[in-house]
Amino acid sequence: EVQLVESGGGLVQAGGSLRLSCTASGAPFDDYTIGWFRQAPGKEREGVSCISSRDGSTYYADSMKGRFTVSRDNAKNTAYLQMNSLKPEDTAVYYCAAKFRGTEEWKYWGQGTQVTVSS
């Protein structure tokens, strides 16, 4: 199994930027698609972005397009979520997750990192 650890969260003012990192271990990193999700208090978890295991294909939820960028460095076993033009409504716990190539289940999850955007 692959283990995931998020880092990079914190407090930032509206309009600012943060870069989250998701570091994997325990399995070949390029066997896994990496997804980013978030959950705000009282709300359901929502998908933010994902990046394919090898070819660099990406997906963004509509509200993140043009503001967030997902990337990965397979040599470092790390995926990133660059968040720009942050808004208070981006405040949430952000999680990375992994699914094996060719599968649809987000089977492996990190423990999350808090992002707080002040107005």
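Let me begin with Q111, which sits in the loop between β10 (108–109) and β11, where strands are DSSP runs of type E with at least two residues, numbered from the N terminus. Please keep in mind that this is a predicted model, in which local features need pLDDT of at least 70 and side-chain atom pairs count only at pLDDT 80 or more, while totals for chains, interfaces and linings use all residues. Residues are numbered from 1 along each chain as its sequence is written, and side-chain values use heavy atoms, with hydrogens and water left out.

Q111 is exposed, with a relative accessible area of 75%; here exposed means over 50%, buried under 20%, and partly exposed in between, with a 1.4 Å probe and protein chains only. Setting aside residues up to four places away in sequence, Q111 touches L4, E6 and Y95, a contact being heavy atoms within 4.5 Å. For L4, which is 107 residues apart from Q111 along the chain, the C-alpha separation is 7.8 Å.

How many salt bridges does a search of the whole structure find? The search gives 7, with a salt bridge taken as a side-chain nitrogen of Lys or Arg within 4 Å of a carboxyl oxygen of Asp or Glu. One of them joins the side chains of E46 and R38 at 2.6 Å, N to O. In this pair, R38 counts as buried because its relative accessibility is 6%, whereas E46, at 34%, counts as partly exposed. R38 and E46 also belong, together with R67 and D90, to a network of salt bridges.

Two further pairs deserve a mention. K99 and E104 meet at 3.6 Å, N to O, and here K99 is buried at 14% relative accessible area, while E104 is exposed at 65%. K65 and D62 meet at 3.2 Å, N to O, with D62 exposed at 64%.

Key: Helices (H or I, at least four residues) and strands (E, at least two) are DSSP runs, numbered from the N terminus.
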